[in-house]
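Q: Hi! Could you walk me through this model, starting with how the elements are named?

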Amino acid sequence: MKKIAFSIWQLKPVKWIRHMRRFRLVYTPLIAIVLFTVVMGVIMGTLQLQEKGQQEAALFRELSFAKQRIQLRFANNTDVLQSIGRDIVSAGDLAKSKENVLIQAENLLQSNHEIAQIIWINEAGQRQWKIPPDNLKTDWFNKTENAGAISQGLKKTIELSTATNRPAFSHFISVQVPNDELISKEIRNVFWQVVPQISGTEIKGMVAVLYTTQGLLEMIPGELKGQYRFTLITDSDKILAISSDKNTPKRAFSNQTSLDLGVLSPNLSLRIDTYPPATNLTFRMLIGVVLGLSAFVIWSLWSVLKQMQVRQEAEANLRAETNFRSAMENSTPVGIRAHDMNRTITYVNPAFCEMTGWSANELIGQNPPFAFWPEGQKSELTEKMNQALKLALSQEKKIGVEGSIIHRNGHVIQTRTFIAPLINERGAQTGWVTSLIDISEPKKIREELAASQERFITVLEGLDAAVSVISNETGELLFANRFYRERFGNTAKGHFELAGGDINQNMMQALAEESGDMITEGIPPSSLYQESESEEIQLLDEATGTSKWYEVRRRFVPWVDGHLAQLLIATDITIRVEADDLARQQEERMQFTSRLTTMGEMASSLAHELNQPLAAISNYCMGVAKRLKGNLDPALQKDILPALEKASDQAHRAGTIIQRIKGFVKRSEPQRKSCDIREIINDAVGLAEIEAHRHRLSISTELADNLPPVDLDPVLILQVLVNLLKNSLDGLREVYPLSSRWSAPPVKISADLDTSTFPAMLRIRVTDGGGGIAESVIQRMFEPFFSTKNDGMGMGLNICRSVIESHQGRLWAKNQMDAEHTKLSGCTFTILLPLESPGSKGNV
C-alpha cells in the first residue's frame, strides 16, 4: 500500500488527477450501495418503532378492556347478591319464595364460573344454606388442612363487613390441593366476599360468596387469552392465577393495572404479556382472522341459545327472551339486525344503532333500500342483499358480503355482512339475522400494506442488482426483479448458477456448521437466516458471449407460505474486476520495467568489468602466436597457431558482443553495415554445431542463391541466430533421449526473400522437429523474465525480439503439425528483416 501511495505521489499532476478520477468511478457504486443500505436500515428502524408503539397501545387497550370486564362482572355480581339477600329477607318463612331464591342463586353459580360457593348467614351468624351442597370443589374446602384457613378468612370478612356495614373481601387463601388433581389449578387460591343485608340500621343477614382467582380470568374473552397471557398478582408479586403456562418471549411487551373489586377489596393487579406475533401477515391471514371471528360469534350465539333453552325450562318465555337480548347487546360489538320474511327490520342491537346513528325505533320497520345505505349504492346493495339471502340457505360456510353504510352524520363505514336464517323452535324459518362487522380500519390497513408493497417492489425493480427468491423444497422461482429477468430470464437457472449448486446442499451445510453432527430436523438454527459472506462468481453471458463477474450474497428466509426459501442478491462487478486486473497488469509492467532497469545496470557493469580481461586474453593469444611462428616446427604451427588465432578472435568477438549489449541496453542504435547474411548464418551454425555434436544432433542450412547484402549489425544478428539454434537443439533434446538421437531430424536454418510484402524483406527461419510449444507458452515466451527452464532467466527471447525490432524487423514462432494434423511435430521461428535500413536511402 505504501508503494502504491508513493508511486501516486511521484506521478505528474495530470496523471494524478486521472488516477483519482478512476478511483472515484470504481468506488462510487460501493458508496451508493452503502448509502442505500443505511437509508433502508433507517426506514426499517422507523417502521419497527412505529409498530412497537402500535403494539403497546393495543396492549394497553386490551388490558383496560379486560379490567373493565372483571370490574363490571363484580359490580353485577354484587347487585345480584344484594337482590338475593333482599329476597331472602323479604320472603320470611314462605317456602315458595325461598325456593325462588335458591333457583336464583343456582343460576348465578352456573353462569359465573369464578364463584365456587354461595352461603346465606342469618343475623345470628349461623349458616342456613349453601350452594352447591357438596361437590368436588367443596370437598377440598372441607378437608382438615384447608377448612380452618377458609373458615378463619370468612370470619374476619364478616367482622369487617359488620363493622363497616358494607360489602367486604377477605385476604387471598391458598388451598392445599395435589398438583395431579384436575381442579388443582382452578381452586389453588380463593377469597371471600360478604354482602350484608341492612334494614334500617340492623344487619338482617349476609350473603357470602367464595371466589376462585383462576375463575376471574375466565371473565376475559377467549380470543384475548389466545393472543395474550393474563396474570393475577398481589402487591408482593405473588402469582394467584395465570391464563396460560406457555412462556412469553424475552422481548415480549407487558403492562399491568390494579383491579378495584370493591371498596374493601384486597390489593390485586392484572398483568398482560404478549406472545410472539405472527409473521408475514398477508391477505389470507386477514381473511382467516375475519372468518375466525365470525366463527367465534356464531359459536357464541349457539352457546347463548343453549343457555337460553335451559333457562326456558325454569323461567317464563318473556324473561328468557329479555335475558337473551340483554346478553347479546352487552357482549358483542357487532351490529346485528333481524328481518322478517318480507325483509322488514324487526330488531336492531345497540351496536348497530351506534354504527348508523339512528335509534332503534327509527330503524325498526324499514324496508330495503334502507336509509343508512349510501345514496349512490342503494340499488347495488339491494341486489347484493337479494343474492346473499338466496345463498344463505344453500351454503354451509357463510361468506361475508362487503358493503358500506352511512352514519347519520355523513361518515361512511365499510362493513362485512353475514346472513343466516332465523329458525323458530318448530324448525320453521321466520326471518333472517344479519351481523355487520366494521372493517374500515382493516381495509385501510390492507390498502396501506398494498401501497407499501408496491413501493417496495418498485425499488427492487429499479435496483442495478439481480434479486431472486427460490423455494427450498421445489426449486421454483418465487420472485425475480427486472435486472434478474433481463440477465437470466424468468427461470431459476440463473439463481442456481449464481448460488453455485443445489440450495438444499447449501442449507444442510449451514445446518452442519451451526450444530455439528447434531441437526434437529424441522428446526433450522438462527444462523441459517443470517446473510452469508459475499462471493465473486464468473458467468458467461450467453447473449453477448462475454464473461460477467457478480458479487453474490444469499441467505435463507421464511417465505409468505411459511416454507423455507433462499434469497439471493447478485451485483454486477465486471467493471470493478476489469479495473482491478488492469491495475494488476500495470503493477506487473512497473515491476518488469524495474527489473529491466536493474538488468541494464548489471549489463553495463559486466561490460565494464569484462572488457579488460577479454582484451588481455586476445593480446596474450596474439603475442604467443607471434613468438611461436619462428620457433616451432612447421607441422606444429599448423595445429597450434590457428587455434591461438581463433581464441584471440573469439575473445575479440566476446568483447564486441558485450559492447553491443551495453549499447543496446542504453537504447543506442545498432551499428549497421552492409553484410552478407550467408557469412553470418555460417558463423552462427559453426558456433552452435559444437553444442549440437556434443549432444549427437546436427544442423542443416538451406540458403537461397543471389541473396543481396543487408544493412544490419552482424554481431547482434549473429547472437540472435545462435540463441534460436540453441533453443531448437534444446527442444530436440527434450523429445529424443540420448539413445535414439541418431533418428532425430536436424535443426534446419534457411534464408530467402519474402516477396509477399512490399518492399521485399529478408526471411530467416529456424525449424526443429521437437514437440512444439504450448499455446499458453507461445503467448508469453517473449515477455521479460518468463522461462520454462529451471535455470533460465527468461531474457533470451525477449532480447532477441528487441534486437530484431531495433532493426525494424519482426520475430515470431509458429508450431508445426504432423501430416495427419493430429499432434505437434516441431516449431518454426521466423525473422523478417528489411533489406535496407530506413535512413539508408536518405543518405545516398
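A: Helices (H or I, at least four residues) and strands (E, at least two) are DSSP runs, numbered from the N terminus. This is a predicted model, where local features need pLDDT of at least 70, side-chain atom pairs count only at pLDDT 80 or more, and totals for chains, interfaces and linings use all residues. Residues are numbered from 1 along each chain as its sequence is written, and side-chain values use heavy atoms, with hydrogens and water left out.

Q: Great. Where is the place of T257?

A: T257 belongs to strand β9, residues 254-259.

Q: And what does T257 touch?

A: Taking contact as heavy atoms within 4.5 Å, and not counting residues up to four places away in sequence, T257 touches L63, K67, L268, S269 and L270. The C-alpha atoms of T257 and S269 are separated by 5.4 Å, with the two residues 12 apart along the chain.

Q: Which side chain makes a polar contact with the side chain of T257?

A: That of K67, at 3.4 Å. A polar contact is a pair of N or O atoms within 3.5 Å; within protein, one must be able to donate a hydrogen and the other to accept it, and residues adjacent in sequence count only if both atoms are side-chain atoms.

Q: New topic: what order do the strands of the five-strand open sheet have?

A: The order is β12-β11-β15-β14-β13, with antiparallel pairing. Two strands pair if DSSP finds at least two bridges between them.

Q: Why is one side of β12 and of β13 left without a neighbour in the sheet?

A: Because β12 (345-348) and β13 (401-406) stand at the edges, and each has a single partner strand.

Q: How many bridges join β13 to β14?

A: Six, and the two strands run antiparallel; β14 covers residues 412-423. I406 is opposite V412 in β14.

Q: Now the helices. At what angle do α19 and α20 pack?

A: Helix α19 (residues 677-694) and α20 pack at about 35°, with their axes 9 Å apart. Axes are lines fitted to C-alpha atoms, for helices over the stretch in contact, and angles run from 0 to 180 degrees between N-to-C directions. On the α19 side, the contact includes I680, A684 and L687, while α20 contributes residues including L718, L721 and L725.

Q: What does F829 touch?

A: Not counting residues up to four places away in sequence, its contacts include L724, I764, M781, L797 and W812.
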